[in-house]
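Please read them with the structure open.

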Amino acid sequence: MNSSSIAYWIMVLPGYVWLFLFSIVPMAGIIMAFEDYSPKKGWFHSELVGMKWFEYLLVIPDAKRALVNTLIIAVSKVVLNIVVPLIFALLLNEVRNMIFKKGVQTIVYLPHFISWVILANIITNMLGANGILNHILKLIGHEQVLLMTLPQYFRQLLIGTDVWKEFGYNAVIYLAALTGISPNLYEAAAIDGASKWQRVWHVTLPGLIPTIVLLTTLAMGNVLNAGFDQVFNMYNQLVMETGDIIDTYVYRVGITNMQFSLATAAGLFKSVVSFVLVVTSYVMANKFADYNIF
Amino acid sequence: MIEGKTPGAKVFKGINYIILSVLAFSCLYPLWYTFCVSISSKAAAEGGLVTFYPIGPNVQAYKLIMEDLTFWNSFRISVERVILGTIWSMLAMIMMAYPLSKTTRVWKPRGVLMWILVFCMLFNGGTIPWFITVKNYGLIDTMAALVFAGSVPVFNVLLIMNFFRNLPQDLEDAARVDGAGPWRILWQIVVPCSKPIIATIILFVSVGYWNEYFQGLVLMNKAENYPLQTYIRQISVQIPVGVTLTAEQYAQLAQNSNKSLEAAKVFISMVPMLIVYPFLQKYFVTGITVGAVKE
């Protein structure tokens with residue numbers, strides 16, 4: 001081993017120790033999903049019970065409900081988080097006033113950087129009994145609506161606020177791709193008599209297709225990711241039937257009720273499915289969009 | 001480009017400006033609303049009268065916060081956490097990224113190390129095994145938990161690594177010929193040439209630490225150890241999950257808290273974010289488009 005190699009090993013050491021302690025060691029804890037874990041006996045001495053917890057998950061209504069809610073919320077978010085930023089980027093691209101354009105861009109990125117704890121607090125207050133929503137409803141003579149407590153609207157509320165929080169940030173990639181489309185193409189289309197709509201349809205959109213394909217493929221890994229931070233900070237007992245997702249279910253079963261094995265099994269289900277989906281999406285992205293992160 | 005002068009084009013332009021203005025307004029309004037509630041009179045805030053401007057403006061809520069030691073204690077914990085966490089993770093990530101930016105031909109272990117890293121990014125043991133691990137390390141109620149427990153932000157390491165890879169190789173070769181070793185090359189050549197990406201990642205990481213509340217919630221048993229975001233979560237109107245309340249009781253619960261004080265706390269917790277935001281948005285556009293858009 002030469003001296004450079006030794007130096008390289010020393011350089012990567014702190015990072016890999018960190019990775020080992022907080023990512024790799026917890027992976028050994030997956031064994032809890034296959035045993036009747038008791039904290040006294042520890043990971044390696046608790047009684048093995050095979051697939052008991054997974055079979056159990058298949059029959060408890062709460063777990064099924066969480067899976068269904070997760071899929072509905074996550075898939076809606078995946079689709080809308082690709083489409084809405086695309087529309088926004090196209091609209092912004094038509095703006096010729098640079099000050100206005102820059103100003104809008106700066107403002108719409110902002111919510112991305114504010115935590116869900118803060119936003120959930122603000123949203124709860126705005127939609128609550130003393131918030132602006134009910135103030136306006138009162139003015140038009142409508143009775144009080146406590147939106148955050150109505151299960152029939154809760155999923156839409158989650159999806160809507162998530163798309164609102166992220167559309168500006170998600171549009172950054174589209175806007176970068178738009179600057180890559182050659183102005184010559186627009187000029188040629190205009191000379192050939194193409195209308196504004198035709199230019200958008202035949203020049204802009206085709207120019208964005210590689211980006212859209214890439215984002216769609218990579219988003220596949222998110223179909224079980226309904227957004228723990230958002231749901232955890234916005235849901236309450238009254239909207240459980242439509243708002244409870246796998247991650248919040250795992251939290252309640254594991255951290256609140258301390259049923260460690262059952263919660264680990266539910267979490268493992270999510271991790272494994274997500275892993276398979278993400279790897280598939282990366283392989284596909286690599287194949288179709290020439291995308292390579294490493 | 002030839003601009004449309006037809007009436008249709010004008011209408012479109014008008015509507016477009018309106019839509020974009022509304023969108024931008026929707027992103028600012030919740031912050032403005034919170035600020036208005038925080039400086040409105042307690043009665044106006046609790047009666048739900050605040051809309052677009054403060055009613056009965058006063059700084060009572062902010063005066064109350066000044067004396068609130070629990071709030072400032074959590075604020076201090078968050079500041080400490082951001083400083084320690086950012087320094088530690090930047091050092092660890094830069095030192096990981098540099099050897100990994102070498103080809104496998106130059107440094108053979110790169111292949112295996114890379115696989116481990118990417119595997120850890122794509123797969124995790126889940127919340128419960130992670131929680132039990134951290135607990136077994138004895139990190140409950142320590143600052144160390146708030147700094148380390150989040151594990152390595154692998155994606156950031158990859159971003160830094162990709163940036164290092166694209167630096168001209170000649171720079172390093174020249175330094176090596178002059179007798180510089182790997183440490184000197186990293187800190188005196190590679191890092192100074194990578195300011196854009198390092199600035200982006202510093203901002204991402206520090207905002208990440210500032211906004212993190214979950215570890216504070218599950219790893220801190222005592223409320224006096226809560227970072228600010230966890231503190232805010234706990235004072236927010238929460239229906240304890242597991243207790244069934246009717247919609248009326250829920251409304252009652254919301255009525256009982258001091259709205260303007262709560263809004264003031266929420267607003268102050270956003271201030272550090274709003275201060276770094278102008279710098280943040282200057283850098284992050286390059287940061288997140290690296291590797292995503294192919295020329």
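1. In this predicted model, the contact between the two chains draws 82 residues from chain A and 85 residues from chain B. On the side of chain A that touches chain B, the largest share comes from helix 1 (residues 3-28) of chain A, which supplies 16 residues. By class, that side of chain A has 52 nonpolar and 25 polar residues, together with five charged residues.

2. Turning to chain A by itself, its secondary structure comprises 13 helices and two strands. The radius of gyration of chain A is 24 Å, whereas a compact globule of 294 residues would have a value near 19 Å, and the C-alpha trace of chain A spans about 75 × 75 × 35 Å along its principal axes.

3. Of the 294 residues of chain A, 41% count as buried. Among the contacts in chain A with a separation of 6 or more, 68% are accounted for by residues 24 or more positions apart.

4. For chain B, the domain assignment gives domain 1 (7-58) and domain 2 (69-289), and the centres of these two domains of chain B, taken over C-alpha atoms, are separated by 32 Å. Nine residues from domain 1 of chain B and nine residues from domain 2 of chain B take part in the contact between them.

5. On the side of domain 1 of chain B that touches domain 2 of chain B, the elements giving two or more residues are helix 1 (7-39) and helix 2 (42-47) of chain B, and helix 1 of chain B gives the most, with five residues. By class, this side of domain 1 of chain B has four nonpolar, three polar and two charged residues.

Key. Residues are numbered from 1 along each chain as its sequence is written. Chains are lettered from A and ligands numbered from 1 in the order in which they are written. This is a predicted model: local features need pLDDT of at least 70, side-chain atom pairs count only at pLDDT 80 or more; totals for chains, interfaces and linings use all residues. Domain bounds come from an automatic or database domain assignment. Two residues are in contact if their C-beta atoms, placed from the backbone, lie within 7 Å. Helices (H or I, at least four residues) and strands (E, at least two) are DSSP runs, numbered from the N terminus. Ala, Val, Leu, Ile, Met, Phe, Trp, Tyr, Cys and Pro count as nonpolar, Asp, Glu, Lys and Arg as charged, and the others, Gly among them, as polar. The radius of gyration is taken over C-alpha atoms; the globule rule is 2.2 Å times the number of residues to the power 0.38. A residue is buried if 20 or more other C-beta atoms lie within 10 Å of its own, exposed if 12 or fewer, and partly exposed in between; C-beta atoms are placed from the backbone.
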